[in-house]
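This report walks through selected local features of one protein chain. Start with the structure below.

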Amino acid sequence: MNRPTRHVLPALFAALFASALCAAQAVRYDGHRVVRVEVRDAADAALMETISPDMWSHHAGPGPVDYRVSPEGLAALDASGLAYVTLIPDVQARIDQEREAVALAGERGFGFFDAYRTYAEFDAWANALAAAHPGLVSRFDAGLSLQGRSIFGVRLRPAGAPADRPSVLFNGCQHAREWISPMTVAFIADSFASGYGVDPRITAILDELDVDFIPIVNPDGYVHSWTSERLWRKNRRPNPGGSFGVDINRNWGYEWGGPGSSGTPSNDTYRGPAPFSEPETQVLSQYIASQTGLRAHIDFHSYSQLVLAPWGWTTAPAPDAPALNGLADAMADAIFGVHQEVYVAGPISTTPYLAVLTP
Ligand SMILES: [Zn+2]
């Protein structure tokens, strides 16, 4: 056995792979921090809008709000007198560490869920899951992104199940940079596929329901976040004025255009020129509309530890608020029961902003 060849070559390839990725990573965040600012009122929030283009919390306050700030932004923040603490002292260092972890996983042949995965790797994963579980898992392609990439998924449905069963949908990655969301959706699908016939709870669910998983709703943005701009959020729509991207999660038709979205194309929460103007929202909404048995849908985001239920556009309770909030509470309790991690549950619009760092 030629041990040096076996060990050195993969390391070399990994190093080349890593340097190729770094070379393509056009946008850097050297000296950028993520800070938590104590926003007291609307004037503070407006000031922070001029200091940072990238609020990581969804709610602009009042209360603690997280922002990415450039070195210039940090100087302006120091001059402003606003109170803040630093959460991430060096954003680029964190991104470099992540790149190294991805390269190391490739070098050592780690399992699929031990590192973040590219769009191509998720695509191959969907095919592999279907091949590994014939008669249970099937791949589907719901439609195409703006740049023509498949918005694919897998359906878990035991052979011979009745045609008109109820169904549930899990999706991730409306926002490109939220890399943990497709990993989570794929992990649930993988766990369900391997658990059918083994885990009585999973078996009972799949004997009752079709369960669909779409890991990456925004493939163009996701690919861009790997090749060019790690913190890219939107799709890759060319906008008037030269900017790119519509926020897919602000492009849905119901109550489109309200607060929490922007009409400015360069803004990270740009809602687009019209409801459902983007292929990605068209594909997912049409898929949902076509599933006549659909009973529940979870849309995964990061960062934060929240279980959020409708409504988002108004503080009025949703028609079935007690059931939704009860379910959200039960999910948060279940997560705590397994991991002792605290997730805060409640409606999007009224869950205390102290914890809301939203979708
Ligand atoms: Zn999001």
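His224 is buried, with a relative accessible area of 13%, because buried means under 20%. The model is predicted. His224 sits in helix H8, residues 219–227. Leaving aside residues up to four places away in sequence, His224 touches Glu229, Trp232 and Arg236.

**The zinc site**

Which residues coordinate the zinc ion? His175 and His301 each give ND1, and Glu178 gives two OE donors, at 2.0 to 2.3 Å. Along the chain, the donors follow the spacing H-x2-E-x122-H. His175 and Glu178 are both buried.

The angles among the 4 donor atoms run from 58 to 152°, and the site is irregular. Ideal angles for four tetrahedral donors are 109.5 degrees.

**Helix H6**

Helix H6 covers residues 180–195. Its 16 residues should span 22 Å at 1.5 Å a residue, and the end C-alpha atoms are 22 Å apart, so the two values agree. The buried residues of H6 include Met183, Val185, Ile188 and Phe192. Gly197 follows H6 and has a positive phi, near 85°.

**Strands E10 and E11**

Strand E10 (residues 306–309) pairs with strand E11 (residues 344–347). The sense is parallel, over 4 bridges. Leu306 has Val344 as its bridge partner in E11. From E10 the chain crosses through helix H10 (residues 321–339) to E11. This β-α-β crossover is right-handed.

**Backbone exceptions**

Most residues other than glycine have a negative phi, and most peptide bonds are trans. The table lists local departures.

| Site | Feature | Value |
|---|---|---|
| Ser302 to Tyr303 | cis peptide bond | omega near 0° |
| Pro310 to Trp311 | cis peptide bond | omega near -5° |
| Cys173 | positive phi, not a glycine | about 65° |
| Gln340 | positive phi, other than glycine | near 55° |

Where do these residues lie? Tyr303 is in the loop between strand E9 (294–300) and E10. Trp311 is in the loop between E10 and H10. Gln340 is in the loop between H10 and E11. Cys173 is in the loop between strand E7 (167–172) and H6.

Is Cys173 buried or exposed? Cys173 has 0% relative accessibility, so it counts as buried.

Definitions and conventions
Residues are numbered from 1 along each chain as its sequence is written. This is a predicted model: local features need pLDDT of at least 70, side-chain atom pairs count only at pLDDT 80 or more; totals for chains, interfaces and linings use all residues. Side-chain values use heavy atoms; hydrogens and water are left out. Donors are N, O and S atoms within 2.8 Å of the metal (3.2 Å for Na, K and Ca); water is not among the atoms, so sites may look incomplete. Four donors count as tetrahedral if all angles lie between 85 and 135 degrees; four count as square planar and six as octahedral if opposite donors are over 155 degrees apart and all others between 65 and 115; anything else is irregular. Buried means under 20% relative accessible area, exposed over 50%, partly exposed in between (1.4 Å probe, protein chains only). Helices (H or I, at least four residues) and strands (E, at least two) are DSSP runs, numbered from the N terminus. The expected span of a helix is 1.5 Å times one less than its number of residues. Two strands pair if DSSP finds at least two bridges between them. A crossover is right-handed if, with the strands pointing away from the viewer, the path from the first strand over the helix to the second runs clockwise. Contact means heavy atoms within 4.5 Å.
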